[in-house]
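Good morning, and thank you for coming.

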Amino acid sequence: MSTPSSRPHNVADVIPTPEAIRAAVAAQRGMVERLFSTLAAGSQGHPGIMRDTYGPGENFGHAVMVEAATAAGLAVRTDAAANTYATWRGADAAAPAILMGSHLDSVPHGGNFDGAAGVIAGLVTIAALRELGLQPRCDVTVMGVRAEESVWFQVSYIGSRSALGTLPEGALEATRIDTGRSLADHMRDCGGDPEALRRGVRALDPRQVRAFLEVHIEQAPSLFEAGFPIAICTGIPGNFRYPDARIVGRHDHVGTPRRFRRDAAMAGMALAHAMDEIWAAQEAAGTQIAITFGRFHTDAEMHGLTTVPGEFHFSLDVRAYDEAVLAGLEAQMHEAIGRIEAQRNVTFELGQRASAAVGPVDAGIKTALTDASDRLGIRSMPLGSPASHDSAAFAAAGVPVAMLFVRNEHGSHNPKEAMEIDDFMDAAAVMAVWVADNIGVADGTR
Ligand SMILES: [Zn+2]
């Protein structure tokens with residue numbers, strides 16, 4: 001793996017200046033605007049965007065990527081999970097590749113830039129560096145990742161983990177929330193080969209990946225608040241999740257005295273309150289975490305104005321940047337549940353547990369990206385990602401990863417998600433400077 005210190009001094013002569021790279025990136029603006037508008041036009045969710053995972057919407061995103069990459073003369077291939085790869089071939093097939101990319105699916109009624117920005121930034125980077133006449137020593141590949149949005153199958157990082165050979169056992173049997181069909185069936189429909197994944201076939205060897213770089217819109221308006229166009233990611237949270245948890249008590253008459261009640265809704269409220277107190281304490285101690293009850297409801301078959309709820313359903317997502325913090329939070333959650341069960345005479349059935357590992361970013365790449373933005377006069381700030389990203393799956397597999405966030409006023413996973421193309425071009429320019437500095441040269445001097 002090459003490092004800046006191992007670079008012979010003559011390489012600096014062939015790498016264009018950051019300003020020249022930024023200008024070459026800026027020249028791709030027409031392509032950027034065209035790709036974003038093509039994507040939006042073909043995946044309308046009324047309102048917002050609908051690029052359903054392993055469905056017509058996501059397939060459309062991949063088709064747009066394939067068309068753009070083919071037109072640019074890149075080598076296009078897909079893998080057993082139907083991820084798409086567009087490669088600018090390097091002179092040395094054995095040199096570890098640089099990967100850039102993100103996902104091409106969306107949540108229902110999501111935004112157009114979430115995920116797609118990372119794929120388009122990769123295509124822009126390659127187009128700009130090729131126009132500058134560079135010849136890479138290693139392959140430079142854009143990856144259109146499948147199935148990042150876990151809302152559809154309630155499994156994290158399906159595409160990236162399939163490619164890396166780290167998809168958990170049983171994941172292929174997960175069913176899509178709306179169709180009820182299995183991940184394996186959906187994958188097959190989209191040209192994938194789930195049987196190959198079951199046999200342990202993987203598309204990517206982590207040791208053969210020099211780095212994975214992901215440009216992504218920010219999820220909360222932190223950059224908007226701070227007035228910065230881009231951020232350099234400092235870490236990606238890990239999580240534990242209970243997608244289908246249930247509290248069982250007893251349905252009773254509305255007038256039942258408190259001591260007789262086994263009120264499942266009040267128990268749900270008590271857990272939410274306990275978790276919020278835990279969060280407040282972590283925040284006061286300066287530890288960044290997030291706790292979300294995404295679903296939180298009584299049983300629609302039975303509930304009503306005059307019935308004490310005997311059943312309550314919720315989902316829970318807890319995320320943090322440190323595995324020890326996550327483990328501590330889960331222990332505190334179980335403690336709270338034990339207390340609430342005793343106090344309220346109910347039973348918690350947490351159901352299936354899912355989790356994703358914390359994704360550390362590569363310190364060297366992070367510093368180099370910060371330097372690149374400084375040299376270009378682009379104002380950037382460090383930012384811990386509030387969200388999960390495919391980069392975390394790469395990091396967990398041992399690949400050096402880095403992320404760049406683009407300012408977004410309205411949050412993501414909603415139709416109002418917003419991104420200025422100027423800000424996006426800044427992120428692409430910073431990434432392109434790093435890539436130019438790390439592709440080596442075709443004569444094999446690196
Ligand atoms: Zn995303």
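How many of the residues of strand β4 (residues 140-145) are buried? The answer is 6 of its 6 residues, so defined because buried means under 20% relative accessible area with a 1.4 Å probe, protein chains only, whereas exposed means over 50% and partly exposed lies in between. Strands here are DSSP E runs of at least two residues, and helices are H or I runs of at least four, numbered from the N terminus.

Please note that this is a predicted model, in which local features need pLDDT of at least 70 and side-chain atom pairs count only at pLDDT 80 or more, while totals for chains, interfaces and linings use all residues. Residues are numbered from 1 along each chain as its sequence is written, and side-chain values use heavy atoms, with hydrogens and water left out.

To return to β4: V140, V142 and G144 point one way, and T141, M143 and V145 the other. In a regular strand the side chains alternate between the two faces of the sheet. Strand β2 (residues 84-88) pairs with β4 in the antiparallel sense over 5 bridges; two strands pair if DSSP finds at least two bridges between them. Y85 has M143 as its bridge partner in β4. β3 and β4 run parallel, joined by 6 bridges, and M100 is partnered with V142 of β4.

I turn now to the metal. The zinc ion is coordinated by H103 (NE2), D114 (OD) and H216 (NE2), at 2.0 to 2.1 Å. Donors are N, O and S atoms within 2.8 Å of the metal (3.2 Å for Na, K and Ca); water is not among the atoms, so sites may look incomplete. D114 lies in the loop between β3 (97-103) and α5 (116-131) and H216 in strand β5 (residues 209-217), so this pair ties together parts 102 residues apart in sequence. Both D114 and H216 are buried.
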